[in-house]
Amino acid sequence: MTDNTTRLDHVVLWVSDPAASAAFYEKTLGMLPVRLTDFIAGEAPFPSVRVNEETILDLMPMTMAERMKMLPDAARSAGHPVNHVCLSLPEADFHGLRSHLEEQDVPVSEYSYDSFGARGKAKRSFYFRDPDGNIFEARHYD
């Protein structure tokens, strides 16, 4: 049975090198690549990485910006990343992610406390960037 309640399906991030970005997300965040082999073979316009069973991040090459014609001035969104994408994790995974990012020499921010999100106030959060400057927040509620 299909559950048709509203949920986040995907976020599209502008990246300079989609294959390198996919490797970053797999290596640092454990997100598995989707269509990466097809992208490398020239059979898909971009790869993605899986956040969870229902959500992916599309890794759109900035070279595709000129083809963005679905809305007036859509091409100008290239180079203007979203403010940030927030990943909510269980507390143990949250601490594991921070440790792993630090081991990979990915700079992380100081902790924030009680920041508001989709599930109310998160106990703790921190921020980090991917290689293209897209900002991510990691948080836990438990």
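In what order do the 4 strands of the open sheet come, and is the pairing parallel, antiparallel or mixed?

Modeller: Happy to, and bear in mind that this is a predicted model. Going across the open sheet, the order is β5-β8-β7-β6, with mixed pairing. That leaves β5 (85-88) and β6 (112-117) as the edge strands, each with a pairing on one side only. From one strand to the next, the twist averages 45°.

Strand β7 covers residues 120-129 and β8 covers residues 135-140; the two run antiparallel, and 6 bridges join them.

Helix α3, made of residues 91-103, lies across both β7 and β8. Relative to β7, helix α3 runs at about 20°.

As for the background, the protein has 3 helices and 8 strands in total. Along the sequence they follow the pattern β-α-β-α-β-β-β-α-β-β-β. If you count contacts between residues at least 6 apart in sequence, 47% of them join residues at least 24 apart. Of the 142 residues, 35% count as buried. The accessible surface comes to about 8,800 Å², and carbon and sulfur atoms account for 53% of that.

Technical notes. Residues are numbered from 1 along each chain as its sequence is written. This is a predicted model: local features need pLDDT of at least 70, side-chain atom pairs count only at pLDDT 80 or more; totals for chains, interfaces and linings use all residues. Side-chain values use heavy atoms; hydrogens and water are left out. Two strands pair if DSSP finds at least two bridges between them. Axes are lines fitted to C-alpha atoms, for helices over the stretch in contact, and angles run from 0 to 180 degrees between N-to-C directions. Contact means heavy atoms within 4.5 Å. Buried means under 20% relative accessible area, exposed over 50%, partly exposed in between (1.4 Å probe, protein chains only). Accessible areas come from the Shrake-Rupley method with a 1.4 Å probe; for residues, only the protein chains shown count as cover.
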